[in-house]
Amino acid sequence: MSTTVWLEKEIKSQPEILEGLLRQGYTAAEAVTERIRKYDPAFMVIAARGSSDNAARYAQYLFGIHNRIAVALATPSTITHYGAAPRWSKAVVLGVSQSGQSPDIVAVISEARRQGALTLAVVNDTSSELAQKAELCMPIFAGREKSIAATKSYTNQLAALAMLSSALNHDPQRLHALNDLPALISQCIDQQADMASALEEYASKQHIVVIGRGYNYATAFEIALKIKEVSYIMSEAYSTADFLHGPVAMLDDRLVVMAVAPAAFDFVEMQSLIQYAKKQHAKIIAISDNTKIAVMADTVLAVPAGIPEWLSPLVMVVPGQIAALELAKMRGMHPDKPRNLSKITKTW
């Protein structure tokens, strides 16, 4: 990869940026989780948009599995358009955002706090309206992000959520495991040195489905978003289960299937889906350290072996980010200037 665009620079900066969060974030995480334990919520609600919404999908698995807290994604328009706020008085309500400026996310936090819910902003800009409206704030310490497509802010959001989940359970082993992530992401970036040549045959494709399950359901959505944002290829995310419930009919020689498949959790149906897709002559790209899946794929985007599944989304997303970047270059798009987009999007 060359170093000519901000998107590329910020992808490469992720190990260093994550180290900053790991140095500075533990104190905030401990303070926040102490309040959450005292509040003893019945459930959790997360309001987010864009890449932050994909971080929220990760949180559904993270807090659901490790902390046994039911997690729902908020529907902000119930407040902003319908004036009918759900009852959140027994919830901890999170607003996850890079800028903290979208009015609909702020509205969720404002209404939740009015109802007496415990509110938390997981945000990059601690001076933002979202951070000011929430009772608690967990900074993600990502610094200014100049690329329109989010990369370092997304991985730091995931890490901040993982930090909160681990601190909530007083789990020192999981907190310690977070310290391995910068080196793993750096290794993963190095493993993509030949990405451009590996993806050359896909630059003319118009449709990609990205498949992930479990913790990496979120990764599938984030990679699909990045590909759409900067290369303008129509890319859609599915779990293996949802893909089999209808979209499997799309499989043919014009479709590319990108499988996000860590070896840490061997989803047998992922292997079955790939085998069936190959029979339908679809092209397979695997983001995986799973040897069973790698041998079936047409193209493998390697990741370091042995990553715990609950942390794998922070690493598995990186080849997808780089793939979006390289496809954009090959298709003649400027990755820092995606059409119709701006860095801060305000929705209601």
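**View 1. Tyr232 in the loop between helix H12 and strand E7.** In this predicted model, Tyr232 is found in the loop that links helix H12 (217–231) to strand E7 (234–238). The phi angle of Tyr232 is positive, at about 65 degrees, although Tyr232 is not a glycine. Most residues other than glycine have a negative phi.

**View 2. Asp40 in the loop between helix H3 and strand E1.** Helix H3 covers residues 26–39 and strand E1 covers residues 43–47, with Asp40 in the loop between them. Asp40 is not a glycine, yet its phi is positive, at about 55 degrees. Asp40 counts as exposed because its relative accessibility is 61%, over the 50% cut-off.

View 3. With a relative accessibility of 1%, Ser153 counts as buried, because buried means under 20%. When neighbours within four places in sequence are left aside, Ser153 is in contact with Gln98, Ile140, Ala142 and Glu145.

**View 4. The side chains of Ser153 and Glu145.** A polar contact of 2.7 Å joins the side chain of Ser153 to the side chain of Glu145. Glu145 is also one of the residues listed as contacts of Ser153 beyond four places in sequence.

**View 5. Ser153 and Ser52.** Ser153 and Ser52 are 101 residues apart along the chain. The separation between their C-alpha atoms is 8.8 Å in the predicted model.

Key: Residues are numbered from 1 along each chain as its sequence is written. This is a predicted model: local features need pLDDT of at least 70, side-chain atom pairs count only at pLDDT 80 or more; totals for chains, interfaces and linings use all residues. Side-chain values use heavy atoms; hydrogens and water are left out. Helices (H or I, at least four residues) and strands (E, at least two) are DSSP runs, numbered from the N terminus. Buried means under 20% relative accessible area, exposed over 50%, partly exposed in between (1.4 Å probe, protein chains only). Contact means heavy atoms within 4.5 Å. A polar contact is a pair of N or O atoms within 3.5 Å; within protein, one must be able to donate a hydrogen and the other to accept it, and residues adjacent in sequence count only if both atoms are side-chain atoms.
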